[in-house]
Amino acid sequence: MNTQVEEIDEAASLERVLSIEIARVTERAAVAAATFRGRGDERAADGAAIAAMREELDTLAVSGTVVIGEGEADDAPSLYLGEELGSGGPRVDIALDPLEGTTICAKNLPNAISVVAVATRGALLTTPDVYMDKIAVGPGYPDGIVGLDRSPRDNIEALARAKGVRVQEITACILDRPRHARLIEEVRQAGAAIRLIGDGDVAGVIHTTDPAVTGIDIYLGIGGAPEGVLAAAALRCRGGQIEGRLQLNTMDRRIRAEKLGLTDPDRLFRLDDMVMGDVIFAATGVTGGTFLEGVRFQADRIETHTVVMRSRTRTVRDIRARHYDREKFGL
């Protein structure tokens, strides 16, 4: 069988195996994390989500390799980079964050989610666990409408012109961090509004895909590099643009990046650099948020809200599930 036929067969298998089953992965992790909502224990919430996600991933009929995970093998006992998962099947890359927003979950604040992206082998950029400067917008704009090498004012004004609104009607999502003090000042001086978030920049980027619902037009600022790849996977499914640049400002970070083949510290990564092929993306709400409801524990059931998207078919499935078998979640 030639390579082209193999790729077609694997793409078909990806749809057949994962279009619904992937939802079970994020559902399991979200429910596990939700049992620790508001309890102030970030480590316990994250650990529960990791264990649940790994167990469910291992049941998928794939031969998967973790390319975005909980860290390197020496630092993460489970879901580490290079870990092999699945029960056998099409070869896939797996990017994941069992609990995006550990602090959010511990404080029971909005927009904590469980996230997984599964793609054809070699389709996802592997990055070290370092910071990445990012800018992202949703679909419907000309290519290159915004960019990291332009000022916040230039980006916001260009976006406002493309959208046909005043700058004052643009809202930027930015992580509430001391490192962003100057960025926040520049955005406000440009005339745009800001929504500060305490954590969860994957959700922050996803919010740009539907500003009519979320009120977010653009994402700006420095967050996690692995989260940047996960966000790019969502944008590839929903449409949109993203640019990222790794923050390799120490020798240790440069060495870790070089081990993954990332030798240019100034390289600008665009959407097609981060996600280069077919991808299926799933996210389940842990705490209630703008685009996903949180897990609900009822007397006889557990309710979850999940979105599953695929880039090749541009399909978005909104799954509101009622789980009457509480024992499968260990409850």
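1. Helices (H or I, at least four residues) and strands (E, at least two) here are DSSP runs, numbered from the N terminus. With that settled, Ala 119 sits in strand β4. Its relative accessible area is 0%, so Ala 119 is buried (buried means under 20% relative accessible area, exposed over 50%, partly exposed in between, with a 1.4 Å probe and protein chains only). Ala 119 touches Val 92, Asp 93, Leu 124, Asp 278 and Val 279, leaving out residues up to four places away in sequence; contact means heavy atoms within 4.5 Å. Ala 119 also pairs up with Ala 233 across 114 residues of sequence, at 9.0 Å from C-alpha to C-alpha.

2. A word on the ground rules: this is a predicted model, where local features need pLDDT of at least 70, side-chain atom pairs count only at pLDDT 80 or more, and totals for chains, interfaces and linings use all residues. Residues are numbered from 1 along each chain as its sequence is written, and side-chain values use heavy atoms, with hydrogens and water left out.

3. Now the core. The largest nonpolar core holds 46 residues, and Ile 242, Leu 246, Met 274 and Phe 281 have the most contacts inside it. By nonpolar core I mean a set of buried Ala, Val, Leu, Ile, Met, Phe, Trp, Tyr and Cys residues joined through side-chain atoms within 4.5 Å. Helix α9 (residues 225-238) gives the largest share of this core, 9 residues. Domain 1 (17-122 + 279-329) and domain 2 (131-274) both contribute residues, so the core lies between them; those domain bounds come from an automatic or database domain assignment. Another core, of 37 residues, lies apart from this one, with Ala 34, Val 62, Val 286 and Ile 319 among them.

4. What does Leu 246 contact, leaving aside its neighbours within four places in sequence? The list is Val 130, Tyr 131, Met 132, Ala 225, Leu 262, Pro 265 and Phe 269.

5. Have a look at Thr 127, in the loop between β4 (113-120) and β5 (131-137). Thr 127 counts as buried, at 2% relative accessibility. Beyond its neighbours within four places in sequence, Thr 127 is in contact with Ile 68, Leu 81, Ala 225, Pro 226, Val 229, Leu 260 and Leu 262. From Thr 127 to Ile 145, 18 residues along the chain, the C-alpha separation is 25 Å.

6. Next, the annotated site. UniProt (unreviewed entry) places the feature "binding site" at Asp 46 and Glu 70; its positions are given in the numbering used here, feature names are shortened, and annotations may be inferred rather than shown by experiment. These residues span 25 residues in sequence, yet no two of their C-alpha atoms are more than 10.3 Å apart, so they gather at one spot.

7. Are Asp 46 and Glu 70 set in helix or loop? Asp 46 lies in helix α3 (residues 42-57), while Glu 70 is in the loop between β1 (63-68) and β2 (84-85). Asp 46 is buried, with a relative accessible area of 19%, whereas Glu 70 counts as partly exposed at 25%. Not counting residues up to four places away in sequence, Asp 46 touches Glu 70, Leu 99 and Thr 102.

8. Last one: Thr 65 lies in strand β1 and is buried, with a relative accessible area of 13%. Leaving aside neighbours within four places in sequence, its contacts include Gly 82, Val 92 and Arg 121.
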